[in-house]
Amino acid sequence: MKRILLRSGKSPFDVVTPEQVISQDLIGTNSGNLLFSDAAHKILLTPGTEVTSNGIRTDPSPSSAARINERYDVFVVPLANAFRPSFQGALDRLSQLIEQLRIPVVVLGVGAQAGADYDTAGISELRPSVRRFMKAVLKRSESVGVRGEMTADYLRGLGFDEVEVIGCPSMFLHGDTFPELPAFDGRRKLTPKARIAVNVSRGSSKVGPIAEIVEGTCRRYPNLGYFAQNLTDAELLFWGDTSHATGSTKRMPTLGTHPLLRDGRPRVPIDPVTWIEELRGYDFAFGTRIHGNIAALLAGTPAVVLCHDSRTLELCRYFEIPYQMLGELPADTDPADLYEKADFSGLTGGHQERFERFTAFLDKHGLPNTFTHGDGGAAFDARLAELRLPDSIRRWDGSDDGALGYRIGWLREQTQRGQQSLHKELKAARETLAELQARNEELERRTAAVEQRLAAPGPGPAATASAVRAWLRRRLERRA
């Protein structure tokens, strides 16, 4: 039995509540992480393998490394845009762990993050961390799988030629087949009654008019659904906010007053299988989230990516996913235009070849896959079908949705933590005050003693000055 340790937030077979997802951050700040980690789990699960999720947080301690060396045969690491400043600490911890491993380490689909112009100057400070990571992996692996050509070029520029472009495991959830998508014939139309799913990256507003495009879409299409992905989005839906009462508004969907967060539109998926199932009911999906659109395509729903950075662009180019550059779109862009222009022939026509390249990479690293060496994922899908997975996180309306007790408990614990923190601060302040008072009393005693000596009969000012100079000289000599 081959024992595989997989870096992922949770196993696909773990049934968790929204409360657990939020409090433990099981999505690694983004639901998209679960899409490619679950796909990797399915692909690697064959009759001769056992796949275990190790969690999204890395424990680089010697005891953790020793435990992995003893229990597992290979460590598989699916990654997304890991070469970015905000991930540097996590990357260093991962490198520290890998440096202690004696088993093979296989990286699936790591990427560098840059702008849509592929200029990596902004991540130049990451080079020591990236080099450390690559050296650690390549001592335990023949090559590193990367998302696209930009990342491959970036790593080659750092002196690493042992890289292979394999894309993202999420696109191979169904193996060498891909759901049927509409042909490009110019006759496709979206009516105002169409069900449209939109996804939005908060930072994309710096690149192009995503806020205006979303506002226009909200006006044109009443049957609009918003699939958010970030942990902050989940927290907003789960806890709510006071924006309606205060009248606060923002152009991006970060407050409850935003049109995307009203009328039952928003949700945050916490399991890929339910995410994909929900998207099957839509006519079209679009937005700046690469995995939000991949989830739609895996559901057989046409999707177009609005690319705003390298992490979305290089995957779209590799998989030939229809895309438009966000920075080049007008503010009044209608999703119907995106839909009509989308050509899926390259995506579906080249899928077989890309799948073979991906599985050849796995074969090179001694990793059987379920589509070649197993049942094609049938047992995996059957096991998922037996589970009662929770729905996506929807906006809380203030009623008891089953999590009211958790919310009350959380608030009580936060109050207790706040009180304990205040007690600690007050205790520290009292100790500091007592120390200052003691020092002040000592200074007062010394001052009184000096004044007493000065008032007493004795040598004149010249002798006193000489004594002071001698005293200072002795002090300096002792310090030297």
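1. Buried here means under 20% relative accessible area, exposed means over 50%, and partly exposed is in between (1.4 Å probe, protein chains only). By that scale Arg267 is buried, since its relative accessible area is 7%. The model is predicted, so local features need pLDDT of at least 70, side-chain atom pairs count only at pLDDT 80 or more, and totals for chains, interfaces and linings use all residues. Residues are numbered from 1 along each chain as its sequence is written, and side-chain values use heavy atoms, with hydrogens and water left out.

2. Arg267 is in strand β9 (residues 266-268) and its partner Glu278 is in helix α10 (residues 272-279), so their pairing ties together parts that are 11 residues apart in sequence. Helices (H or I, at least four residues) and strands (E, at least two) are DSSP runs, numbered from the N terminus. The two side chains form a salt bridge at 3.0 Å, N to O, where the term requires a side-chain nitrogen of Lys or Arg within 4 Å of a carboxyl oxygen of Asp or Glu. In contrast to buried Arg267, Glu278 is partly exposed, at 23% relative accessible area.

3. Glu277 and Arg280 also meet through their side chains in a salt bridge, at 2.5 Å from N to O. Both ends are partly exposed: Glu277 has 48% relative accessibility, and Arg280 has a relative accessible area of 43%. The whole structure holds 22 salt bridges.

4. A further salt bridge pairs Arg57 with Asp25, with the closest N and O atoms 4.0 Å apart. This pair links distant parts of the chain, 32 residues apart: Arg57 is in the loop between β2 (49-53) and α3 (62-71), and Asp25 is in the loop between α1 (18-24) and α2.

5. The largest pocket contains about 830 Å³ of space. Its lining has 39 residues, and Gly28, Thr29, Asn30, Asn33 and Arg84 are the closest to its centre. For reference, on a 1 Å grid over the protein atoms alone, a pocket is an open set of points where a 1.4 Å probe fits, with protein on both sides within 12 Å along at least five of seven lines, and lining residues have an atom within 4 Å of a point. Points are joined across faces, edges and corners, and the volume is the space filled by probe spheres set on them.

6. Helices α2 (32-44), α4 (88-98), α11 (290-298) and α12 each supply at least two residues of that lining. The most come from α2, which gives five. By type, the lining divides into 10 nonpolar, 20 polar and nine charged residues. In that count Ala, Val, Leu, Ile, Met, Phe, Trp, Tyr, Cys and Pro are nonpolar, Asp, Glu, Lys and Arg are charged, and the others, Gly among them, are polar.

7. The largest nonpolar core has 134 residues, and Phe75, Phe83, Phe133 and Ile321 have the most contacts inside it. Helix α2 gives the most to this core, with seven residues. Such a core is a set of buried Ala, Val, Leu, Ile, Met, Phe, Trp, Tyr and Cys residues joined through side-chain atoms within 4.5 Å. Leaving aside neighbours within four places in sequence, Ile321 is in contact (heavy atoms within 4.5 Å) with Met171, Ile290, Ile294, Leu297, Val305, Leu315, Cys316 and Leu347.

8. Leu315 and Cys316 are among the buried residues of α12. This helix (residues 310-319) is mostly covered, with eight of its 10 residues buried. After α12 comes Glu320, with a positive phi near 60 degrees.

9. Helix α6 (residues 149-157) has Met150, Thr151, Ala152, Tyr154 and Leu155 as its buried residues. These pack against α5 (127-138), β5 (144-146), β6 (163-165) and α12. Gly159 follows α6 and has a positive phi, near 100 degrees.

10. Two single residues remain. Ser64, in helix α3, is buried at 6% relative accessibility; beyond its neighbours within four places in sequence, Ser64 is in contact with Asp59 and Leu97. Gly281, in the loop between α10 and β10 (284-287), is partly exposed, with a relative accessible area of 35%. Gly281 and Phe87 are 194 residues apart in sequence and 35 Å apart in space, C-alpha to C-alpha.
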